[in-house]
4 protein chains.
Amino acid sequence: MKAARLHQYGKPLQVDEINIPKAKGESVLVRVGGAGVCHSDLHFMKGEWQKILDVKLPLTVGHETAGHVEEMGELVQGFSKGDPVAIFGGWGCGICQNCKDGQEQLCNSPRWPGLSRYDGGYSEYILVPSYRFLVKAQGLNPKDIAPLTDAGLTPYRAVKKVRNLLNPDSFVLITGIGGLGSYAIQYFKLLSPASVITIVRNKKKANLAKEMGADHIINTSEDDVTRQINEITNSNGVDVALDIVCAKDTLSTSVNSLKKRGTLILVGLMGRTLEMPIMQSVMNEYNVSGSLWGNYNELNEVISLARLGKIKSSNEFFSLKDVGKAMEKLESGNIAGRAVLIP
Amino acid sequence: MKAARLHQYGKPLQVDEINIPKAKGESVLVRVGGAGVCHSDLHFMKGEWQKILDVKLPLTVGHETAGHVEEMGELVQGFSKGDPVAIFGGWGCGICQNCKDGQEQLCNSPRWPGLSRYDGGYSEYILVPSYRFLVKAQGLNPKDIAPLTDAGLTPYRAVKKVRNLLNPDSFVLITGIGGLGSYAIQYFKLLSPASVITIVRNKKKANLAKEMGADHIINTSEDDVTRQINEITNSNGVDVALDIVCAKDTLSTSVNSLKKRGTLILVGLMGRTLEMPIMQSVMNEYNVSGSLWGNYNELNEVISLARLGKIKSSNEFFSLKDVGKAMEKLESGNIAGRAVLIP
Amino acid sequence: MKAARLHQYGKPLQVDEINIPKAKGESVLVRVGGAGVCHSDLHFMKGEWQKILDVKLPLTVGHETAGHVEEMGELVQGFSKGDPVAIFGGWGCGICQNCKDGQEQLCNSPRWPGLSRYDGGYSEYILVPSYRFLVKAQGLNPKDIAPLTDAGLTPYRAVKKVRNLLNPDSFVLITGIGGLGSYAIQYFKLLSPASVITIVRNKKKANLAKEMGADHIINTSEDDVTRQINEITNSNGVDVALDIVCAKDTLSTSVNSLKKRGTLILVGLMGRTLEMPIMQSVMNEYNVSGSLWGNYNELNEVISLARLGKIKSSNEFFSLKDVGKAMEKLESGNIAGRAVLIP
Amino acid sequence: MKAARLHQYGKPLQVDEINIPKAKGESVLVRVGGAGVCHSDLHFMKGEWQKILDVKLPLTVGHETAGHVEEMGELVQGFSKGDPVAIFGGWGCGICQNCKDGQEQLCNSPRWPGLSRYDGGYSEYILVPSYRFLVKAQGLNPKDIAPLTDAGLTPYRAVKKVRNLLNPDSFVLITGIGGLGSYAIQYFKLLSPASVITIVRNKKKANLAKEMGADHIINTSEDDVTRQINEITNSNGVDVALDIVCAKDTLSTSVNSLKKRGTLILVGLMGRTLEMPIMQSVMNEYNVSGSLWGNYNELNEVISLARLGKIKSSNEFFSLKDVGKAMEKLESGNIAGRAVLIP
């Protein structure tokens, strides 16, 4: 089968012809329908994930995958050949405290496909170690939903962490309207009565934010961000800031927009360090939380939203052999929404 | 009556003879039994609270007060002359969202005694604007419990914020064992099954920590802090770090000690800025929360602990006229526990 | 002024001419714009509230009131003559544990207008003991929003108690689509992504439920309730049942519809006793919670929803002198939505 | 190997000689060190669990087991032959919503050993379907900790559900001081600052309750229960009632003891129906929750408590061949604490 693999950090992926793996025990072979291309893949290719995960090269990249069940090990239950499935990528050990708490993506010894020692989804087939990592996706097309397993899942978890804080007179600030942000807007509107403010960099992003349901859009190329936020929130600040970028300037805006007892959720990985002013943080009882990917049940809920027709996606498709082109376009900031590889 | 007042920032307090205020409406005149001396008072005297609270000089300092009811306005209910009372100091407007949520100390227009326009407790009498700020303290001596209204209350709130995260195999790290820290140790032992690690600077503090019930004591003058924490926690890190100092180095230790999904509570005000590494914060889903003072019900609970004989205090008493001496001793770091003024 | 008062249990209200009360201290005189007529008023008139509240007759009935500020005591802050206001009716002592926790409607010594010793809103004017019980309602007409202070508030609190349990694949069951139920449907749609099933008794109620946004409507006069719920939920049951009636049969349906770990919220007062099967409750970890009225902040949020134009009401207006007619029509089940008295 | 098996409902267990099962895949063969005898086993033998679980006879009874690892399938990770282990008994499918939420004991298709189709622990060996159901118990003797897997685990979960509601001035009421209750007292003292009231039937139970740390003991054979509770709680009632019996009379006492906003946790299975008065439940916002067994992490925490020497047990040992004698003694109410079978 064909698989786009990384042989050396800093080098482009290479489309190799390798053997199709064999399903046994609890594992399932999935014929890939689509594989999302994520900024994390670019970071991975530069070697930045080595410190965090136990990586072994060469490796087939891709952690955002959906497809159809092709072959099942003898212990697999509840699935049939041909079933459309979304692949939960936060593979864990299944027995540490976090796994046992239903937070497998926070496993103490993670085994993420395409980012550690397990081959990912930039390939014709992917071997999933257990059917317990598959989410049924009847009635949905794998190529369309592949991005839901990360770009769609990550903001969903973030929104669930804070939705109980949001009331009809609450405001949410979202910085970063790309693959993740466009879902975040939709989730806030679906799960809470809050008004959503988004900060965008240009007209095109502004249009996307509007289409996804943002109530207020601040365009950094035209508006005075601070003044606008004050005007919209009547100088009270926002209840929740969701920073999908986490660069120095977006973080500064996020922190300074918070209301008393406000919450900042960190999802992005662009910057190095968040600087929180201590006096302000204590006096106002600010809260800051990192939010990582999502768990299995959360993916199930995202897939439900898709099945119910409640969320829109904006995907751009590439054939597997054009993986280089897709990555280049992503790196140069020219993908609107998510790039998806089709083997 | 005598009252220690600030006339000018940067100058020492002056013991003035002023008129005894008159109780009317809902207000209550309290004969001060004891008034705790807090680091915040030192900051206040330097002018550092002007940016945050609406201050008017001259002002009688002191926000940590207990005493006996002396005189009551005509609308006061449920109190009698002579009742021993602890004074809740987080006076608020009573109608903003935070006040109405029972978090008056987080009021959007705070009216804290001794820190804004309302005279505080370094005085023979203090006028409390409403009986709704008084906590009954039958059977307790005001001079002993005055520090409970802040030094005892602040860590109590902090502990309550996290106690639900603490299990029998959890670890808590407390940095800063002075007035607040010695209560914090006791509260963690009373409200959770976690093991408590404390970081102290010297032998004397180590003894205090031990007396208060700490399970593990790390003395920075003798031990390698990081190695010790790793050894104690089996390299897993701590579930909760409570930073009562919030200086650059204690914060760095606190952040780097956190376990996956760990929580850092900020209570101290010594440093300027908390620096959180973004990658680590997201990947490990760290949580950071500021915690401010405590609310009325929390003060009630602290007073209950005192009444039940479940907490120990370590107070050093000064007469009101020696307020200068008390402040000097506090500033030079020579108060073990809390200094209390007796008018 | 005119006021509809109860002089004796079991007798109809009498429209008396009495003196206009005088505002002083913190109290505010409100010129009544509208006063909602509630089932609780009927119960009250039969003497059923005597066991619970400290009642004194004669009393002006009415706990669901909005109007304009007419006169203010000398301690009132933040309001001006003529301000439109919704009156929070859960008047409490302000110092017990529940009041201090922001749950004044659960005060240990309640002072509800029109239900205890305090005159209510079936009147030209009502004296509110403190401006802290007033919610600003700029841009809204008191007669339209009076029902929001109870019929609109009670289901709002109930929905907030459970919204965090509701996911995109969740189901909610609402029994009882009258004044409260029509708001409940809207709140679930605004605050959660769950699908809403409502049980109604006739075509007219079915139409109302549909208009308010119910996803599934079961008409007891036509459908087999159990079969329908099974069909809709794929035999899994509902995550949350909100029983606004609490009669023997609705409770039985509610309990038997629950999913594993499901929650039943009791709001209605029609029946005597809820019967929970123990084995089922333990094995499935059912939860049951009573929900009472709402607190001040919740009323503020409901008023925000009205101001934002996000909720619809269905009110029928009567002049104050026709109070008898309004009560008769309510008792005979012929009010669609809420009856509102206009003085 | 020898195994005590049920061949027919209503008949006594029969000690059979059967083949030792074989570990393969993820499964682990455990040499039984001790197997607790539970009231549920008596119910099971009468056929009462048929409606709930998918049972197949003959079956080796026993769901409360600890032992040593004897043999491991080829996919087992992290365990070695000879390791002492506690067996988590709430075996689930691993993929339903509850399993994936870390609540395997609430699995939608439960596979509990000794209560369904899977052989239990009244045997020399037990085959555990996955190493993910084993909790390490280094330094502990399996025969001593077997009861912790149910008698010790069930009240632990119940206490964790409510501990966040408990403050220094709170009261807890425990009805039923046998195997579970004696742990419940200890957990409340370890995890909360509340005062514990226990209701016992005789002097012997009173002594046990005292030894375990109860603050107040009410002996139904001597005291007026209602009066005593009122006296102890100053007529406010208890914050939490934990009913470990759930008979008609204990439930009635539990419900009527609740404070406003109080919570009743159901753990026992003796009665048929809980009767909640609706008016009282709504007006006081009572909460009722069933609590079932415990999850894997909770078992881990209980084992931690044992390892730390923080809990006491009261076990009575029988050899496997005397299983009949043990069950008789249990049924006649003459086991103090827990009966444990030693193969």
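This is a predicted model: local features need pLDDT of at least 70, side-chain atom pairs count only at pLDDT 80 or more; totals for chains, interfaces and linings use all residues.
A residue is called buried when its relative accessible area is under 20%, and exposed when that value is over 50%. Most residues other than glycine have a negative phi, and most peptide bonds are trans. A:Trp293, although it is not a glycine, has a positive phi of about 50 degrees, and its place is in the loop between β15 (287-290) and α10 (296-307) of chain A. Because its relative accessible area is 6%, A:Trp293 counts as buried. In chain C, phi of C:Ser235 is likewise positive, near 65 degrees, and this serine sits in the loop between α7 (225-233) and β12 (238-243) of chain C. C:Ser235, however, has a relative accessibility of 55% and therefore counts as exposed.

The peptide bonds also deserve a look. In chain A, a cis peptide bond with omega of about -5 degrees joins A:Leu57 and A:Pro58, and A:Pro58 is found in the loop between α1 (39-45) and β4 (59-60) of that chain. In chain D, D:Leu57 and D:Pro58 are joined by a cis peptide bond, with omega about -5 degrees, and D:Pro58 lies in the loop between α1 (39-45) and β4 (59-60) of chain D.

We turn next to a pair of helices. Two packed helices are described by the angle between their axes and the distance between the axes. In chain D, the axes of helix α4 (residues 153-162) and helix α5 (residues 179-191) come within 8 Å and cross at roughly 35 degrees, and this crossing is right-handed. Among the residues that make the contact are D:Tyr156 and D:Val159 of α4(D), together with D:Tyr183 and D:Phe188 of α5(D). Sorted by class, the contact has 10 nonpolar, 1 polar and 1 charged residues.

Side chains of opposite charge can pair when their charged atoms come close. Over all chains the count comes to 84 salt bridges. One of the pairs is A:Arg5 with A:Asp119, whose side chains meet at 3.4 Å, N to O. A:Arg5 lies in strand β1 (residues 2-6) of chain A and A:Asp119 in the loop between α2 (97-100) and β7 (125-128), so the pair ties together parts that are 114 residues apart in sequence. With a relative accessible area of 12%, A:Arg5 is buried, whereas A:Asp119, at 32%, counts as partly exposed.

Another salt bridge, of 3.1 Å, N to O, is formed by the side chains of D:Asp101 and C:Arg261. This pair crosses between chains, from the loop between α2 (97-100) and β7 (125-128) of chain D to strand β13 (residues 258-266) of chain C. D:Asp101 is partly exposed at 31%, and C:Arg261 is partly exposed at 27%.

Contacts between chains can also be followed elsewhere. D:Ser304, in helix α10 (residues 296-307) of chain D, is buried at 6% relative accessibility, and beyond its neighbours within four places in sequence it is in contact with B:Pro168 and B:Asp169. Between chain A and chain C, 18 residues of chain A are in contact with 18 residues of chain C, and the two chains bury about 1,600 Å² between them, 42% of it on carbon and sulfur atoms. On the side of chain A, the residues that lose the most area to chain C are A:Arg163, A:Asn164 and A:Pro168, together 36% of what that side buries. The count of salt bridges between chain A and chain C is 0.

Key
Residues are numbered from 1 along each chain as its sequence is written. Chains are lettered from A and ligands numbered from 1 in the order in which they are written. Side-chain values use heavy atoms; hydrogens and water are left out. Axes are lines fitted to C-alpha atoms, for helices over the stretch in contact, and angles run from 0 to 180 degrees between N-to-C directions. Helices (H or I, at least four residues) and strands (E, at least two) are DSSP runs, numbered from the N terminus. A crossing is left-handed if the near helix is turned anticlockwise from the far one by less than a right angle, and right-handed if clockwise. Contact means heavy atoms within 4.5 Å. Ala, Val, Leu, Ile, Met, Phe, Trp, Tyr, Cys and Pro count as nonpolar, Asp, Glu, Lys and Arg as charged, and the others, Gly among them, as polar. Buried means under 20% relative accessible area, exposed over 50%, partly exposed in between (1.4 Å probe, protein chains only). Buried area is the accessible area (1.4 Å probe) that two parts lose on being put together, summed over both. A salt bridge is a side-chain nitrogen of Lys or Arg within 4 Å of a carboxyl oxygen of Asp or Glu.
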